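Q: Hello! Could you walk me through how to read some features of a protein model, step by step?
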Amino acid sequence: MGKRYLIDTNIVIDYLENKLPEPSLSLIDRLSIQISVITRIELLVWPKATESKLAILNSFINASEVLLLNESIILKTIEIRKNHYTKLPDAIIAATAIVNDLSILTRNLTDFEKIDGLVAIDPYALK
């Protein structure tokens, strides 16, 4: 089995707006999409989303595996918040990735780079 990824909110938006470079678009097209419940929430409250964009977002979410909070993710989130003072949404996303052995695809590497055991990849840097 190859690498598995959790897709951060900013990358979902860039993907749906066709802004990602070709290597990243083709990677995401081949993936079984996994997102955090936080990404689902963030996407559906995205202020720039028109009704038609909300329909596209809902279709994307419905085609994705939304990873919900469980006790392991909650405990890892607490550990991340205590050790790194990470914002709660980012801590939940990071904990979701770590607990599920996923790398995060994100533009916001600085939000995640100091968290032990987490691999964060900028899809804009993929070749």
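A: Gladly. Let us begin with a definition: a salt bridge here is a side-chain nitrogen of Lys or Arg within 4 Å of a carboxyl oxygen of Asp or Glu. Keep in mind that this is a predicted model.

Q: How many salt bridges does a search of the whole structure find?
A: The general idea is that side chains of opposite charge can pair when their charged atoms come close. Searching the whole structure gives 4 salt bridges. One of them joins the side chains of Asp 14 and Arg 107, at 2.7 Å from N to O. Asp 14 sits in helix α1 (residues 9-16) and Arg 107 in the loop between β4 (103-105) and α7 (109-112), so this pair ties together parts that are 93 residues apart in sequence.

Q: Are Asp 14 and Arg 107 buried, exposed or partly exposed?
A: For this step you need the cut-offs: buried means under 20% relative accessible area, exposed means over 50%, and partly exposed lies in between. Asp 14 has 5% relative accessibility, so it counts as buried. Arg 107, with a relative accessible area of 40%, is partly exposed.

Q: Which residues are linked in a network of salt bridges?
A: The network links Glu 17, Lys 19 and Lys 53. Within it, Glu 17 forms a salt bridge with Lys 19, and their closest N and O atoms are 2.9 Å apart. Glu 17 is partly exposed at a relative accessible area of 29%, whereas Lys 19 counts as exposed at 51%.

Q: What separates Glu 79 and Lys 76 along helix α5?
A: They are 3 residues apart in helix α5, which means a separation of about one helical turn. Glu 79 is partly exposed, with a relative accessible area of 39%.

Q: Now for helix packing. At roughly what angle do the axes of α3 and α4 cross?
A: In general, two packed helices are described by the angle between their axes and the distance between the axes. Here the axes of α3 (residues 37-44) and α4 (residues 51-62) come within 10 Å and cross at roughly 165°. That makes the two helices roughly antiparallel. Their crossing is left-handed.

Q: Where does Asp 8 lie, and is Asp 8 buried or exposed?
A: Asp 8 lies in the loop between β1 (5-7) and α1. With 4% relative accessibility, Asp 8 counts as buried. The C-alpha atoms of Asp 8 and Thr 39 are separated by 6.5 Å, although the two residues are 31 apart along the chain.

Q: What about backbone angles: which value does phi take in Tyr 85?
A: As background, most residues other than glycine have a negative phi. Tyr 85 is not a glycine, yet its phi is positive, at about 55°. Tyr 85 belongs to the loop between α5 and α6 (88-99) and is exposed, with a relative accessible area of 73%. Asp 101 also has a positive phi, near 55°. Asp 101 is placed in the loop between α6 and β4 and is exposed at 64% relative accessible area.

Q: Last one: which residues make the nonpolar surface patch?
A: Leu 69, Ile 74, Leu 75 and Ile 78 make a patch of about 340 Å². Leu 69 lies in the loop between β3 (65-67) and α5 (71-84), and Leu 69 is partly exposed, with a relative accessible area of 45%.

Methods
Residues numbered from 1 in each chain as written. Predicted model: local features only at pLDDT ≥ 70, side-chain atom pairs only at ≥ 80, totals over all residues. Heavy atoms only, no water. Patch = residues over 30% accessible without salt bridge, like charges linked within 9 Å, V, L, I, M, F, W, Y side chains within 5 Å. Areas by Shrake-Rupley, 256 points an atom, 1.4 Å probe, with all protein chains shown as cover. Helix = DSSP H or I, 4+ residues; strand = E, 2+ residues; numbered from the N terminus. Buried < 20%, exposed > 50% of the residue type's maximum accessible area, 1.4 Å probe, protein only. Axes fitted to C-alpha atoms, helices over the stretch in contact; angles between N-to-C directions. Parallel < 35°, antiparallel > 145°, perpendicular 65-115°, else oblique. Left-handed = near helix turned anticlockwise from the far one by under 90°.
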